Amino acid sequence: MCATCGCSSGGSVRLLVAEHDRRPGHGRGGARHAHGHDSYDEHGHGHGHDHGHDRGHEHEHAGPDWRPAPDPVAGELTTLDPADAPRTIELQQKVLAKNDDIAQENRMWLRERGILAVNLMSSPGAGKTTLLEATMRGMADRVSISVVEGDQETALDASRVLAAGSSVVQINTGAGCHLDAEMLARALRCLDPPTGSIVIIENVGNLVCPALFDLGEQARVVLASVTEGADKPLKYPHMFRRADLVLLNKTDLLPYVDFDVREYASGLRKVTPDALLLQVSATTGDGMHGWYDWLRRRTPVPHE
């Protein structure tokens, strides 16, 4: 549940897994069957699941390349004492504390396997999926990249990433406006990424709630676009303050939009003085090598 808006409290989370995998290093262009239930549970994330899933819910297939992942084990329900009901702030703290505990387990799981996880966040339409497609093409021969796609509905973006040659898991959050650590834990078990690889988490398009939730990632990247306006760092400071890198995308459109790069950079420095800002165009490729270099410098050396 989101600590600010209460999203996901009554919704369901749908996890969709690619039936065929064209992940670099795992038989590029060949078919790799997605994990079944046995391998889904064997990678060391023994959390209980308590997202309120309806075990009788009918999962819809999102197309011929997708199937729903196995339902998680239903969590236990705890009855609260009526005297505790007004203690909303304490409840929110407990929700975030549980998320942080699972995030730490994710972080350890990734570190033990030598995997870089990057939480990619932006508002809707900033170009996250286009950036991922370009990244697959630009780094395909250098490192294995797998993707966790977060959207409220559909597997449209996951299908694009799959076509670009990456292993991908789609998480549909329903009414939820962000991913959380337990969702990532389930996705990692399905992906089973190889050592020395990168997992990029395309979070739900939102400049507020995703910043509140630690997923266990090693790095946070905020993607902005010149079509959004130069005031975003000042209007959404928490999101930008938590970023390790800010990518300013769609720079090929600068001649056609009212956007002041200096104003944007100045606002970003006020929010987070040490922020690294890279200007890119995922469509034309301008500036993308700086992004690729940033990823390569952080990718662990594969275990022997």
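This report walks through salt bridges, nonpolar cores, aromatic pairs and a few backbone details in a predicted model.

## Ground rules

Since everything here comes from a prediction, local features need pLDDT of at least 70 and side-chain atom pairs count only at pLDDT 80 or more, while totals for chains, interfaces and linings use all residues. Residue numbers start from 1 along each chain as its sequence is written, and side-chain values use heavy atoms, with hydrogens and water left out.

Helices (DSSP H or I, at least four residues) and strands (DSSP E, at least two residues) are numbered from the N terminus. As for accessibility, buried means under 20% relative accessible area, exposed means over 50%, and partly exposed is in between, using a 1.4 Å probe and protein chains only.

## Salt bridges

Searching the whole structure turns up 8 salt bridges, where a salt bridge is a side-chain nitrogen of Lys or Arg within 4 Å of a carboxyl oxygen of Asp or Glu. One of them pairs Asp-214 with Arg-107 at 2.7 Å, N to O. These two come from distant parts of the chain, 107 residues apart: Asp-214 is in the loop between strand 6 (198-202) and strand 7 (219-225), and Arg-107 is in helix 2 (residues 88-113). Asp-214 counts as buried at 18% relative accessibility, and Arg-107 is buried too, at 19%.

Arg-160 and Glu-133 make another bridge, at 2.8 Å from N to O. Arg-160 is partly exposed at 33% relative accessible area, whereas Glu-133 is buried at 16%. Shared partners bring Asp-157 in as well, so that Glu-133, Asp-157 and Arg-160 belong to one salt-bridge network. Elsewhere, Lys-235 and Asp-231 meet at 3.9 Å, N to O, and Asp-231 is partly exposed at 30%.

## Nonpolar cores

What does the inside look like? A nonpolar core here is a set of buried Ala, Val, Leu, Ile, Met, Phe, Trp, Tyr and Cys residues joined through side-chain atoms within 4.5 Å. The largest such core has 32 residues, and those with the most contacts inside it are Leu-131, Ile-198, Val-221, Leu-247, Met-288, Trp-291 and Leu-295. Two or more residues each come from strand 3 (116-121), helix 3, strand 4 (145-151), helix 4, strand 6, strand 7, strand 8 (245-249) and helix 9. A second, separate core of 18 residues includes Ile-115, Ala-117, Leu-179 and Val-199. As background, nonpolar side chains in soluble globular proteins tend to be buried together.

## Thr-299, after helix 9

Thr-299 sits in the segment after helix 9 (288-298) and is buried, with a relative accessible area of 17%. A polar atom of the Thr-299 side chain lies 2.7 Å from the backbone oxygen of Leu-295. Beyond four places in sequence, Thr-299 touches Leu-116, Val-143, Gly-196, Ser-197 and Ile-198.

## Aromatic pairs

The model has 3 aromatic pairs, with rings of Phe, Tyr and Trp (its six-membered ring) pairing if their centres lie within 6.5 Å; planes under 30 degrees apart are stacked, over 60 edge-to-face and the rest tilted. Phe-240 and Tyr-264 are edge-to-face, because their centres are 6.4 Å apart and their planes meet at 80 degrees. Phe-240 belongs to helix 7 (residues 237-241) and Tyr-264 to helix 8 (residues 261-271), so this pair links distant parts of the chain, 24 residues apart.

Phe-259 and Tyr-264 form a tilted pair, 5.6 Å centre to centre with 40 degrees between the planes. Put together, Phe-240, Phe-259 and Tyr-264 form one aromatic cluster. Phe-240 and Tyr-264 are buried, and Phe-259 is buried as well.

## Positive phi

Asp-192 is not a glycine, yet has a positive phi of about 50 degrees. Asp-192 is in the loop between helix 5 (181-191) and strand 6 and is partly exposed, at 27% relative accessible area. Lys-250 also has a positive phi, near 65 degrees, and lies in the loop between strand 8 and helix 8.

Note on methods
Polar contact = N/O pair within 3.5 Å; in protein donor to acceptor, adjacent residues only side chain to side chain. Contact = heavy atoms within 4.5 Å.
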